[in-house]
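Biologist: I'm new to reading structures, so please pick one spot and take me through it slowly. Tell me what the words mean as you go.

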Amino acid sequence: MNQTAIGSYIARKRKEQNLTQEQLAEQLGVSNKTVSKWENGKSYPDIHSLLLLSALFDVSLDQLIKGDLETMKQE
């Protein structure tokens, strides 16, 4: 899966909600370094984090990860 696509999406949604990486990390129970790694495409959220992100951003899991699928098709 393309980690950059979901990382960009997480960063965009976080900024739309006026959250810092630290604030998002606190809400998800992870470190701000973890959020930074997601946003920079260095790692991918685990399923638990994906579920929490889905609820926090009020989007379906499908919406959250679908952009990665479209990017993968193009690659």
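Modeller: Let's begin with a term: a nonpolar core is a set of buried Ala, Val, Leu, Ile, Met, Phe, Trp, Tyr and Cys residues joined through side-chain atoms within 4.5 Å. Buried means under 20% relative accessible area, exposed means over 50%, and partly exposed is in between (1.4 Å probe, protein chains only). Keep in mind that this is a predicted model, where local features need pLDDT of at least 70, side-chain atom pairs count only at pLDDT 80 or more, and totals for chains, interfaces and linings use all residues. Residues are numbered from 1 along each chain as its sequence is written, and side-chain values use heavy atoms, with hydrogens and water left out.

Now, the largest nonpolar core has 14 residues, and those with the most contacts inside it are I10, L24, W38, L53, F57 and L64. The elements giving two or more residues to this core are α1 (3-16), α2 (21-28), α3 and α4 (47-57). Helices here are DSSP runs (H or I, at least four residues), and strands are too (E, at least two), numbered from the N terminus.

Our spot is E39, which sits in helix α3 (residues 32-39). E39 has 12% relative accessibility, so it counts as buried. The buried residues of α3 are V35, W38 and E39. Looking down the axis of α3, they fall within an arc of 95 degrees, so they line one face of the helix; that arc is taken from the directions from the helix axis to the C-beta atoms. After α3 comes G41, with a positive phi near 75 degrees.

What does E39 touch? Leaving out residues up to four places away in sequence, E39 touches G7, S8, I10, A11, R14 and Q21, where contact means heavy atoms within 4.5 Å.

A salt bridge is a side-chain nitrogen of Lys or Arg within 4 Å of a carboxyl oxygen of Asp or Glu. R14 forms one with E39, and their closest N and O atoms are 2.6 Å apart. R14 lies in α1 and E39 in α3, so the pair ties together parts that are 25 residues apart in sequence. Both R14 and E39 are buried.

The whole structure holds three salt bridges. E16 pairs with R12 at 3.4 Å between closest N and O atoms, and K13 meets E16 at 3.4 Å, N to O.
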